[in-house]
Amino acid sequence: MTGSGKGGRVLRYMNAEMLESARAARGRIQEAAREQVQGHLAAMRANDRPRAMAYFDGMADPFGKRAEELGRFRASGGRVVGTLCYFAPAEIFAAFGAVPVRFCSGLYEAVHPANDLLGDAGLCPLVKSTLGLKMSGASPVLELCDLVVVPTPCDAKLKLGEILQDTVEVHLMNLPAVKGTEEGRASWMNEIKGLVRRLEGLYGVRLMPRMLRKAIATYQRAQAAWRRFSALRRKGGIWGRDALLVAQVSFHDDIARWTENVNRLCDELEGRPPVAPEAARIMLGGSPVIWPNWKVPLLIEESGGIIIADELCSGSRTMYDPVVVGEWTMEGMLVAVAERYLVPCTCPSFSPNLDREENMLRRMREFGAEGAVFHVLRGCHLNSLDATKANVVLRRERLPMLKVESEYDEGDLEQVRTRIEAFIEMIRARREQSG
Amino acid sequence: MITAGIDLGSTYVKGVVLVDGAVKGWGVQPTGPDHDETARAVLGSALQMAGLRLEELGYIVSTGYGRRVTSLAKETISEISANAEGTRFVARALGVRTILDIGGQDTKAIALDERLNIDNFAMNDKCAAGTGRFIEALAGVLGVGIDDMGPLSLKSQSPLRITSTCTVFARSEVVTLIAEGKPKEDIIAGIHEALAKRLATMARKVGVRREVFFDGGPARNIGMRAALEKELGVTLVVPERPQIVTATGAAVLAAARLAKAGGQ
Ligand code: SF4
Ligand code: SF4
């Protein structure tokens, strides 16, 4: 049986009762999110941290200040587009004057409504939580999106994009699995152009080179600020959990304002002593860690470690790579944007993915990391497999790695803690032996 | 120097009192609803055995699943590190390079390097599959006391295959086998084999190098030992009291801390 959803959409997979009970959970999801956010922030503030973090704290509540701001922006005719993953090209949305908001969700409570539909499908909690967020209508920002752009890196995201169409306009971007070939690049370039056409149709404007040029320049400044920040992390003046929050505020913030605040944070970090000079230097990789699912970062840093670097698509990778434009023509700029999202990304959806292992090795050496924690969300097969491969490669170089599987709920907290503590104790014992 | 180690496991709490480098007392009790209370009782009996009082303890370190919930300890350490420490203490001269430990809810394989430092470790990632609980639950279904499982299984001529390591599914397999009138000893031998296979897979993940040390409560089970030896093709080193190795490690660590701080 099909019914009809908001805006006359046809309900193909969901039904009215399901949505009704999801909507009834809206308040609970919002409340739990607020509680989790405030709880984490309190824990994070209890430690030595840069003053400039206050700005990012203020932007940390997904349903807080920034949501209100975006609400006003939309009410006055502004454009807001939802995205998932790293691959939805921010520059393109910005060129149309739209604010892209990444909706990969880290909210545990939002998993429940999605379970009514997908509980038995063995999907990762990130995808379930994102779906639950939409079904419940808990995110005011997601509710005012004109469109949600869903790249298809893995089966879970692919099906998420499909199912989301019951409740919102979706644009799928077909991501090639093999990125190193001409064909791969060409097909991705086509996807970028397809997105441009879709947005042109949606907003009734033609994309002009100056619009794109301006957007690219704005993001280049953001990317430069982020690279400056990434390099400064090496000195240890900031906890990894704070650095990750900075990255993820960019998921919904005004990008120029975010850039300014990252630079301000960098100024402060220049002269800052390490927050934990004795801590075991850990590099965090694997499945995306999405605020406020801060379980693994908090456990690492509560157990005598510091996340000195990461290779997460929700962390370092978010803003690291610049768009490098050869020719400032429309075609030249589109190629540059397309390449920026495809070539340097080490998402496990690509094969071969040698650059991920090499990246991890290089980064660990550069940042003096003594071990890697590879986070795998339960149900995320791609990262689980990449973890197995990375373990072999890192151990060959005598770099220890710990693979931790985890869910969004707190049920596995102590089990994960034991593994992380043991790993950090092992690293410290090694250090004592060799020093 | 007098110290203690408490290992607050999910099924048993173990305590060890160490006096000048020798184990003088120990205690073991099933984990009660109140971890801290059980820990105090266990420590009490270990102290009694050593003829000492609580005030005489210079330092206490806790480990195990409940390590953070007891107010007795000054410091906590993960059970992986404590187990390795305990192994170094009870088997220093034996050239142990691999530790296998079956606990109540976690099963572990630890690889040691030449200097007996931890080189790598693996733990079961889910539920009670392949842990001490697995044997306990199935012993319950069979109506066999946990201490009788080992001797009984040795009588088996042809162990039966238990295909599931999930406790819930294995339970129904066992129920079926009982209903089919299969001999208990063959079922029990099959249970040990299933668990041994699982543990061996984990061990191979970290690399099996001799000598292989086997501890944790189920290491007392002679049938379990035999199954694991067969699976791995090695003779296992089993300590005299496998259940308290991890608690001993915590006590040894406590002594090291005390020595560092210049205490007596
Ligand atoms: S790991 Fe890849 S697929 Fe998963 S969220 Fe990140 S970019 Fe998307
Ligand atoms: S790549 Fe993994 S974490 Fe990301 S959406 Fe797919 S299954 Fe989930």
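In the predicted model, the C-alpha centres of domain 1 and domain 2 of chain A are separated by 23 Å. Domain 1 of chain A covers residues 3-207, and domain 2 of chain A is made up of 224-322 + 345-434. The contact between these domains involves 47 residues of domain 1 of chain A and 48 residues of domain 2 of chain A. About 4,000 Å² is buried between domain 1 and domain 2 of chain A, with carbon and sulfur atoms giving 63% of this area. On the side of domain 1 of chain A, A:Phe56, A:Tyr86 and A:Arg102 supply 17% of the area buried against domain 2 of chain A, more than any other three residues.

Ligand 1 lies between the two domains of chain A, because domain 1 (3-207) and domain 2 (224-322 + 345-434) both give residues to the shell around it. The residues surrounding ligand 1 are A:Cys85, A:Tyr86, A:Phe87, A:Arg102, A:Pro153, A:Lys157, A:Pro288, A:Cys313, A:Cys347 and A:Pro348. By class, this shell comprises eight nonpolar residues, no polar residues and two charged residues.

A:Thr152 belongs to the loop of chain A that runs between strand S5 (147-151) and helix H9 (155-164). With a relative accessible area of 12%, A:Thr152 falls under the 20% limit and is therefore buried. Its side chain reaches the backbone nitrogen of A:Leu175 at 3.2 Å. When residues up to four places away in sequence are not counted, A:Thr152 touches A:Leu158, A:Leu172, A:Met173, A:Asn174 and A:Leu175.

Chain B is likewise divided into domains, with domain 1 formed by 1-93 + 243-264 and domain 2 by 97-236. The contact between them takes 17 residues from domain 1 of chain B and 20 residues from domain 2 of chain B. The C-alpha centres of these two domains of chain B lie 26 Å apart. The area buried between domain 1 and domain 2 of chain B is about 1,500 Å², and carbon and sulfur atoms give 62% of it.

Between chain A and chain B, about 1,800 Å² is buried, 40% of it on carbon and sulfur atoms. In chain A, the residues that lose the most area to chain B are A:Thr418, A:Arg419 and A:Gln433, which together account for 28% of what that side buries. The contact between the chains takes 17 residues from chain A and 20 residues from chain B.

Terms used. Residues numbered from 1 in each chain as written. Chains lettered and ligands numbered in written order. Predicted model: local features only at pLDDT ≥ 70, side-chain atom pairs only at ≥ 80, totals over all residues. Heavy atoms only, no water. Helix = DSSP H or I, 4+ residues; strand = E, 2+ residues; numbered from the N terminus. Buried < 20%, exposed > 50% of the residue type's maximum accessible area, 1.4 Å probe, protein only. Polar contact = N/O pair within 3.5 Å; in protein donor to acceptor, adjacent residues only side chain to side chain. Contact = heavy atoms within 4.5 Å. Near = heavy atom within 4 Å. Nonpolar A, V, L, I, M, F, W, Y, C, P; charged D, E, K, R; others polar. Domains from an automatic or database assignment. Buried area = accessible area lost by both parts, 1.4 Å probe.
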